[in-house]
Amino acid sequence: MTPSATYRLQLQPEFPFSAAEDAVPYLASLGVSHLHLSPVLEAVPGSLHGYDVVDHGRVRAELGGEEGLRRLARTAREHGLGLVLDIVPNHMAADPRHNHALREVLREGPASPYARWFDVDWAAGNGRILLPVLAGRVGDEMDRLRVDGDVLRYGEQEFPLREGTAHLDLPELLGAQHYRLGWWRLARTELNYRRFFTISELIGVRVEDPEVFAASHAKILELVRDGVVDGLRIDHPDGLADPDGYLERLSVASGGVWTVVEKILTGPEPLPAGWAVAGTTGYDALHRIDGLFVDPVGATELLGGYRESAAPAGDRGGYWAATVRRAAYRVVTHELAAETELLTRLASRICAEDPALRDHAPWALHTAVRELLVRVPVYRPYVTAGGPCTETAEAALAPVAVSDAKAAFAVREEASAVDVVRELALGRLGGGGDRAAFCARFAQTASALHAKAVEDTAYYRYVPLISANEVGGDPGQPAVAPEAFHAFCGRLARDWPATGTALTTHDTKRSADVRAGIAVLSQCPGPWTDLVAELTRTAPAAPDPQLAWQAWQTAVGCVGFPPDEQARRLEPALLKAVRESGLFTSWTEPDPVYERAATDFVAAGPAAGAGPVRTLLERFAATLAPHVRANTLGAALVHLTMPGVPDLYQGTEREYLALVDPDNRTPFRQPPDGAPDDEKAGLTGTTLRLRRERPEVFGESGTYTPLASSGPAAAHLLAFCRSGEVVTAVTRLSLRLAESGGWRGTELTLPDEGVWHDLLTPGRKFTGGAVRAAELFAERPVALLSRSGGSGAGPAGSAGRV
């Protein structure tokens with residue numbers, strides 16, 4: 001069954017299945033149809049997220065085990081709710097203490113029946129897997145290593161010993177294993193197993209192997225067959241060797257349950273039409289919704305101020321595309337150097353075995369791999385070696401990318417290596433063996449590079465308007481025109497009506513409500529610039545202007561944090577920002593002097609709970625409050641009524657201010673009994689109940705029709721009709737609207753037939769035809785109109801009007 005709406009819960013030892021079960025009555029009352037649970041399979045003990053799976057055959061004991069999950073499912077069903085599970089096919093924890101499959105591979109080497117589970121380049125390691133776990137060089141860490149029975153211990157870590165080696169002295173024993181313990185820095189250049197992005201603690205899993213798929217999905221599929229689980233969310237399909245084949249196999253094995261994928265679509269990139277899924281988890285919708293509430297003119301003015309006063313010195317004036325390219329070069333030559341070396345080795349072996357390709361030197365192939373990888377504009381091409389090559393795959397390695405990559409060669413004749421690498425990456429030089437491996441690993445590496453270079457580096461280097469720096473977004477063009485939004489929704493209604501949509505997730509860098517507050521700055525770039533100048537005079541100096549620019553924007557978005565929580569929540573998020581950017585410090589090469597200066601500045605300035613800085617921020621925020629309200633309510637209503645299945649992150653039915661992980665992954669706490677709804681909660685509950693009551697309006701057969709408005713402020717009104725029965729109308733760019741004189745006779749044209757009841761303010765109603773915007777939005781900046789009325793109650797304290 002396709003959900004009407006899902007509600008995401010982050011499970012962890014502090015919030016197990018029993019806590020979720022206790023929350024079921026409240027969550028059912030909201031109007032959602034399904035609970036969306038974070039990963040439930042056995043994970044590293046104490047894990048706060050569950051993506052570090054260690055055993056696919058067991059439900060996590062720390063959460064309450066399988067019986068706890070089944071009990072939660074029964075309770076949920078008694079309240080009319082189903083369960084959607086987040087599953088992790090791409091990787092497991094690389095921890096042999098808990099990962100039995102990996103432990104057996106380390107013990108038995110390539111001969112282990114579990115060796116097929118993992119992508120290991122045994123030849124590159126001379127028959128051994130590099131485990132980059134040591135704090136220093138092995139010679140400096142010898143006194144911390146000791147043999148204990150049949151394991152080798154290093155601090156809290158342990159590694160299995162190869163049979164018959166326990167009696168050897170330590171230096172000899174280290175050389176006799178199927179693994180090599182190494183300094184953690186060696187992961188950058190010598191790692192010989194596929195991992196998740198650049199996280200060596202997560203080892204990739206070969207689910208393309210039928211036996212591995214069967215073993216790693218047996219428990220999940222059992223839960224589906226038993227009716228415990230009604231839907232699936234697939235984590236990071238771009239990391240898989242063959243996403244298309246995997247999703248088809250999963251669809252068949254699961255009986256075609258509702259399934260969405262965490263697929264990040266870049267710009268106009270479409271979701272592959274043949275994938276056996278209902279759609280994505282919703283980052284494409286998030287970008288379009290956010291963009292509606294960004295003023296393109298003001299965003300350009302902000303960019304000008306950023307370039308003038310805050311852009312990093314090496315940023316060439318603060319251009320998004322250039323920032324991404326430089327970040328990609330850094331990642332591909334540093335964090336993903338080992339992956340680039342693997343691709344070079346594969347290409348070199350292929351060329352050495354093919355008489356037509358033997359003249360291509362390894363160094364030229366290495367350059368070609370690097371130059372093409374940094375020019376893939378999307379996460380990856382979708383193609384298998386020897387299979388068909390679609391136009392979309394061709395576009396991922398377009399001719400312009402080839403010509404630009406060739407320009408990086410000093411010797412023109414060597415540039416032909418680019419053509420070889422492109423053909424291998426597109427699978428057009430045959431399949432099998434190294435050729436199939438190259439095609440798959442190029443795509444997998446491209447996805448890791450895109451994620452690390454864009455999401456985890458460029459988003460923290462390019463910060464004119466940080467509300468736009470969200471996964472799937474386009475900081476270079478943060479605004480989305482109403483026409484573009486309507487076109488996007490029309491495509492969803494036609495092609496992916498059951499896709500997921502989202503505004504806040506466990507991975508968003510800022511919650512939707514924080515972004516809504518920051519987006520208002522695009523409507524007042526002048527006052528914002530003046531505020532920054534005054535704050536700069538008042539607060540202690542920042543160690544660099546780029547940090548100050550994004551820190552003050554963060555403070556404006558989070559001014560609603562309780563004063564005593566400002567430092568505790570802002571400091572880790574901004575410290576993470578400067579480390580991810582890699583401009584002055586980083587995770588692997590921290591600069592303690594810079595970091596201390598950064599945290600001192602944040603504590604005394606943006607995170608100050610009291611004093612003149614706090615007064616300035618609160619005074620400025622107060623002037624923007626009505627417009628933040630318009631953005632917040634507008635985004636929420638659009639999200640809940642546009643085509644697709646809305647996913648609500650825990651707590652976001654109310655005002656929810658949160659920053660990047662771990663701030664946004666604290667255990668869920670439902671409102672106390674009797675706590676009054678805030679305005680957003682009233683809107684959310686009313687709309688969710690309407691969705692549940694009217695599946696013919698919002699479901700897969702529902703239609704989407706843009707509604708026209710006219711008058712001097714028509715650009716500030718966005719409206720659409722679902723299935724001819726429900727109208728959503730929201731105010732865009734309300735600050736600019738107020739500055740221009742308000743609605744001034746602007747009208748929205750409603751469908752002619754019937755009476756339209758305002759569900760957010762019971763008692764208000766309108767007849768079809770032209771309705772004055774000033775009257776429509778007299779009570780609040782949004783309206784939800786139903787031709788047939790509705791049983792959902794409006795927000796607490798709303799005034800009735802006929």
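Predicted model: local features only at pLDDT ≥ 70, side-chain atom pairs only at ≥ 80, totals over all residues.

Colleague: Which residues of helix 7 and helix 8 make the contact?

Modeller: From helix 7, F213, H217, L221 and V224. From helix 8, Y246, R249, L250, A253 and S254. By type, the contact residues divide into 6 nonpolar, 2 polar and 1 charged.

Colleague: At roughly what angle do the axes of helix 7 and helix 8 cross?

Modeller: Roughly 40°, with the axes coming within 10 Å. Angles under 35 degrees count as roughly parallel, and 65 to 115 as roughly perpendicular. Helix 7 (residues 210–225) and helix 8 (residues 243–254) are therefore oblique to each other.

Colleague: Now burial. Which residues of helix 3 are buried?

Modeller: Buried means under 20% relative accessible area. In helix 3 (residues 100–108), that gives A101, L102, E104, V105 and L106. These buried residues pack against strands 6, 7, 10, 11 and 13.

Colleague: What is found at the start of helix 3, and what follows helix 3?

Modeller: At the start, a side-chain oxygen of N99 reaches to within 3.2 Å of the backbone nitrogen of A101. After the helix comes G109, with a positive phi near 75°.

Colleague: Take R569 in helix 22. Why does R569 count as buried?

Modeller: Because its relative accessibility is 13%. A polar atom of the R569 side chain lies 2.8 Å from the backbone oxygen of L657. Beyond its neighbours within four places in sequence, R569 is in contact with F561, L657, A658, L659 and D663.

Definitions and conventions. Residues numbered from 1 in each chain as written. Heavy atoms only, no water. Axes fitted to C-alpha atoms, helices over the stretch in contact; angles between N-to-C directions. Helix = DSSP H or I, 4+ residues; strand = E, 2+ residues; numbered from the N terminus. Parallel < 35°, antiparallel > 145°, perpendicular 65-115°, else oblique. Contact = heavy atoms within 4.5 Å. Nonpolar A, V, L, I, M, F, W, Y, C, P; charged D, E, K, R; others polar. Buried < 20%, exposed > 50% of the residue type's maximum accessible area, 1.4 Å probe, protein only. Polar contact = N/O pair within 3.5 Å; in protein donor to acceptor, adjacent residues only side chain to side chain.
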